[in-house]
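Visitor: I'm new to this structure. Could you take me slowly through one part of it, the way two of its pieces pack together?

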Amino acid sequence: EEVEDGLLIVDQHALHERILYEELKRLYAAADVPRQGLLIPMVVDLSAEERVAAEEARVLLDSLGVEFDDFGEHSVVVRTVPALLSDDDPVSLMKDYLEMIMDKGESAARGGEPTTFIEESLHFMACRSAIKAGRKLSPEEIGRLLALRESVEYTQTCAHGRPTSIKITLEELEKFFERRK
């Protein structure tokens, strides 16, 4: 994006992730995360560890829009997913989420950073549904993304702390092309 004194280069995935994270955080706080019912509920086969993790995370998953029922000793059936992730494969969504929270639990047990499962879950959902890096956006999509940036209070970094954009001033460009010392 051209700005008054240079260029602003935007990481579309990081910016969209931050916007989605802030919206999910707001919806979660209001207990209003939109759900999408699955036309055909999906059976997810789980290891014993994943099954325990799913049970421990059941209330949190439900609050994030993922509803599932027991389906035998080592399986669950997913009935709803967050509306933001309705295009995602429910099986991989569930497996990846459980892997993430099991890894986070192991990290916390080893003295890793004390991020809550709620924050990590919101990061996971935002990252999962954000525009993928390298996807070519139409001018209209770019316009909507930049407009959304203006509606969110904090957009300097994505939910994981990576910058969403960098600014290169005209002076820096002139130095790069050896027009200025």
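**A pair of helices, and a look beyond**

Guide: Helix α1 (residues 12-29) packs against helix α6 (residues 139-151) at an angle of about 45°, and their axes are 10 Å apart. Helices here are DSSP runs of H or I, at least four residues, numbered from the N terminus; axes are lines fitted to C-alpha atoms over the stretch in contact, with angles from 0 to 180 degrees between N-to-C directions. This is a predicted model, where local features need pLDDT of at least 70 and side-chain atom pairs 80 or more, while totals for chains, interfaces and linings use all residues. Residues count from 1 along each chain as its sequence is written, and side-chain values use heavy atoms, without hydrogens or water.

The crossing of α1 past α6 is left-handed (the near helix is turned anticlockwise from the far one by less than a right angle). On the α1 side you will find Gln12, Leu15, His16 and Ile19, which meet Leu145, Leu148 and Arg149 of α6 (heavy atoms within 4.5 Å). Four of these contact residues are nonpolar, two polar and one charged.

Now turn to helix α2 (residues 48-56), where Glu50, Arg51, Ala53 and Ala54 are buried (under 20% relative accessible area; exposed is over 50%; 1.4 Å probe, protein chains only). Those four lie on the same side of α2, because they cover an arc of only 165° around its axis, taken from the directions to the C-beta atoms. Glu49 and Glu56 are exposed on the face turned away from that buried side.

Lys104, in helix α4 (residues 90-109), counts as buried because its relative accessibility is 13%. Its C-alpha atom is 8.2 Å from that of Glu120, 16 residues apart along the chain.

Notes:
Helix = DSSP H or I, 4+ residues; strand = E, 2+ residues; numbered from the N terminus. Nonpolar A, V, L, I, M, F, W, Y, C, P; charged D, E, K, R; others polar.
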